[in-house]
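Student: I have not looked at this structure before. Can we go through it one question at a time?

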2 protein chains.
Amino acid sequence: MWNTFENKIAWFQMKGGFKMNLLKDTVKSISPIDVHWYSIAQKRLDNLTKPPGSLGRLEEFAKRFVAITGISMPSLDKKVIFTFAGDHGVAEEGVSAYPREVTGQMVLNFLNGGAGINVLARHAGAEVVVVDIGVDHDFNSVDKLISKKIMKGTKNMRRGPAMTRDEAEKCIEAGIELANEYAERGYRIFATGDMGIANTTPSSAIAAVFTGRPVSEVTGRGTGIGDDALRNKIKVIEDALSANRPDPFDPVDVLSKVGGAEIGGIAGLIIGASAKRIPVVIDGFISTAGALIASSLEPKTKDYMFAAHNSVEVGHKAMLDKMGLRPILDLDLRLGEGTGAALAILMIDAGLKIYTEMATFGEAGVSEGIRE
Amino acid sequence: MWNTFENKIAWFQMKGGFKMNLLKDTVKSISPIDVHWYSIAQKRLDNLTKPPGSLGRLEEFAKRFVAITGISMPSLDKKVIFTFAGDHGVAEEGVSAYPREVTGQMVLNFLNGGAGINVLARHAGAEVVVVDIGVDHDFNSVDKLISKKIMKGTKNMRRGPAMTRDEAEKCIEAGIELANEYAERGYRIFATGDMGIANTTPSSAIAAVFTGRPVSEVTGRGTGIGDDALRNKIKVIEDALSANRPDPFDPVDVLSKVGGAEIGGIAGLIIGASAKRIPVVIDGFISTAGALIASSLEPKTKDYMFAAHNSVEVGHKAMLDKMGLRPILDLDLRLGEGTGAALAILMIDAGLKIYTEMATFGEAGVSEGIRE
């Protein structure tokens, strides 16, 4: 017995010692959704005082939420949106309408409560957690800012890999750590958000890699660049793909070569949420790039995702289609930060309230329909 | 002088005496929107810490709200959804999956807070006002029910007019009275809703009259009827249109011949809201039939409308297109009651909060973009 145990320890230490591999272990721990909850939830929905199915997608949201969490009468009392911020070396190629220092300035705006995400998160009753995962600025110890800094901005992907493979894994693990921490603290729904000047550029690169579409079909105007800058942006992305040759069957390779720190953090958050059976609302274009990384690492993560909205950004639909996700809203948004996710939370919450608060036919004394 | 004044009095009395014509006078008092507010609102929106236009339709909602109300920094503290209930003689033709008594039963469910509209109105922070405008049931003095009863159900429109012209005008005026009362009480936004077994049938008839489309293209499954019942429903509507020959250039004629009491009330509420410069959120298929009546009486009412959502009901899109309205949500809803409007209020409110609560570039110390 002793001998066997010692052998196991030796084998374990050889494999990397007592240090767990957080990314691999978390991915491995993701289970499929318990589908028997769908029929339980459907039965309740059909007994509420409305024609069956007449609340459409609200009913779908409730059913999925119940099946994901295994909670029979769920309520959304604790909601959190993670806004991951990072800088991008590729910004020096003139791919954005805004100067690079805006990333750090906007982080401070988030912490002061004045940005779009703050307003919409308050509206949705959700907290905003701002995560510095790769901003090229020293915030020192700013109050409320979560520091998971893996780097001070990526390198320019046009010239070589945006980051090392080790950094890419660390970005994903930062997201997993946050998911684990907030799951522990009793949050019932997570949402993703991003801030990073130039980050539609790596996101379009990731979209091109995973959808197989030409760069020009998945590259848009981001914060609002003109025609010349758009042509340049497409060329920059094409150059980055040629220079780096990311392997679509190795998502960490893709993230390291043409990704970004915040995109890695978002991917990690989704993986962590899935492992903890917590629904995760995917914001817009950049968040969906993170979702592509996550779903390529483990396709079961898709079952835990809600796609918040259909972004104006060209290529977003192709990314959602690739994962088979139908967006909840279509409001011509293209801000990011988690703003679309905040609005989508309001709709998911509406579905849960329908599910838990509506009267049944029996309770209300209402005659049921004629089933043909 | 005396003489002239007496002449005027005589002329006035000849024209109908001191009794005002509420419908005609209210329609006449609707002004166009003060468009100079659009540029004032646009200036503020473009100075908020986000790329110009990046919050898409949320920005549009804010701009329209400001222009409609003329309030420079609006807030949605008082919101109300009017759920008009009425019965329909045409229900005896087997056009619905539910028995007629459900209208009255659902009115009681609304008053007890157990219906879909109650749940979603609470979610949106809106009050629900339940209006009996034509239910075939004596509620006596049920608490909280607003009685504006014009009739106890319409007549079967397959056999003749659903109501008299005088009743149709009274239904519209009931809606105007409610709009006036709630405007006086300081409500900032109105929304419409409906309850009435069989009421997709008159709504489809109204859609056919105003869009000019064949009945089969604007008639759907309502609460969920099967193929045979749908064929019968189409035939019933075609018969009603042949029997009554409603005049598309006389909206009151259309309402009286193939309409319903709740549809008239909704039309009146929209007219009253427009006259008082209060934004009005149009729910789904039945509410949009009311909106067609209102906009045919006075096209300027369209400027005061927000179309809540794109209903599953066939023909809804044709009605919205006819008025040039783009729906806010698309969630496969087909319940009515005002449920889609409640959800849309949350999105309009989001737009107003963005407008009033976000920091400007100057306030937040964020660098502005490069304008190309």
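Student: Which residues does B:Asp132 touch, not counting residues up to four places away in sequence?
Tutor: This is a predicted model, and the contacts are computed from it. B:Asp132 sits in strand β2 of chain B, residues 127–134. Beyond four places in sequence, B:Asp132 touches B:Ala85, B:His137, B:Phe139, B:Leu145, B:Ile146, B:Ser147, B:Lys148 and B:Lys149.

Student: Is B:Asp132 buried or exposed?
Tutor: The cut-off for buried is under 20% relative accessible area. The relative accessibility of B:Asp132 is 3%, so B:Asp132 counts as buried.

Student: Which residue has its backbone nitrogen 3.3 Å from a polar atom of the side chain of B:Asp132?
Tutor: A polar contact is a pair of N or O atoms within 3.5 Å. Here a polar atom of the B:Asp132 side chain is 3.3 Å from a backbone nitrogen, and that nitrogen belongs to B:Gly134.

Student: How many residues of chain A are in contact with chain B, and what area do the chains bury between them?
Tutor: On the chain A side, 60 residues are in contact with 60 residues of chain B. The size of an interface is often given as the accessible area lost when the parts come together. Of the area buried between chain A and chain B, 61% is on carbon and sulfur atoms. The area is about 4800 Å².

Student: How many salt bridges are there between chain A and chain B?
Tutor: One salt bridge joins the side chains of B:Arg122 and A:Glu357, at 3.0 Å from N to O. Between chain A and chain B there are also 22 residue pairs in polar contact, both residues at pLDDT 80 or more. The count of salt bridges between the two chains is 4.

Student: Which element gives the most residues to the side of chain A that touches chain B?
Tutor: The elements of chain A that give two or more residues to this side are α4 (56–69), α5 (102–111), α6 (116–124), α14 (339–357) and α15 (361–364). The most come from one of these, with 9 residues: α14(A).

Student: How do the residues on that side of chain A divide into nonpolar, polar and charged?
Tutor: Gly counts as polar in this division. The residues of chain A that touch chain B divide into 31 nonpolar, 16 polar and 13 charged.

Student: Which residues have the most contacts inside the largest nonpolar core?
Tutor: In soluble globular proteins, nonpolar side chains tend to be buried together. The largest nonpolar core here has 267 residues. Leaving aside neighbours within four places in sequence, A:Phe190 is in contact with residues including A:Val80, A:Phe82, A:Tyr182, A:Leu269 and A:Ile278. The residues with the most contacts inside the core are A:Phe190, A:Met347, B:Phe190 and B:Met347.

Student: What separates A:Arg57 and A:Glu60 along helix α4 of chain A?
Tutor: The side chains of A:Arg57 and A:Glu60 meet in a salt bridge, 3.0 Å from N to O. A:Arg57 is buried at 3% relative accessibility, whereas A:Glu60 is partly exposed at 27%. The two are 3 residues apart in the helix, so the separation is about one helical turn.

Student: How many residues apart are A:Glu313 and A:Lys233?
Tutor: A:Glu313 and A:Lys233 form a salt bridge, with the closest N and O atoms 3.8 Å apart. A:Glu313 lies in the loop between β6 (305–307) and α13 (316–323) of chain A, and A:Lys233 in helix α9 (residues 227–244) of chain A. Both A:Glu313 and A:Lys233 are buried. The pair links distant parts of the chain, and the separation is 80 residues.

Student: Is A:Asn140 buried or exposed?
Tutor: A:Asn140 lies in the loop between β2 (127–134) and β3 (146–147) of chain A. Phi of A:Asn140 is near 50 degrees, a positive value in a residue other than glycine. The cut-off for exposed is over 50% relative accessible area. A:Asn140 has 74%, so A:Asn140 is exposed.

Note on methods: Residues are numbered from 1 along each chain as its sequence is written. Chains are lettered from A and ligands numbered from 1 in the order in which they are written. This is a predicted model: local features need pLDDT of at least 70, side-chain atom pairs count only at pLDDT 80 or more; totals for chains, interfaces and linings use all residues. Side-chain values use heavy atoms; hydrogens and water are left out. Contact means heavy atoms within 4.5 Å. Buried area is the accessible area (1.4 Å probe) that two parts lose on being put together, summed over both. A polar contact is a pair of N or O atoms within 3.5 Å; within protein, one must be able to donate a hydrogen and the other to accept it, and residues adjacent in sequence count only if both atoms are side-chain atoms. Helices (H or I, at least four residues) and strands (E, at least two) are DSSP runs, numbered from the N terminus. A nonpolar core is a set of buried Ala, Val, Leu, Ile, Met, Phe, Trp, Tyr and Cys residues joined through side-chain atoms within 4.5 Å. Buried means under 20% relative accessible area, exposed over 50%, partly exposed in between (1.4 Å probe, protein chains only).
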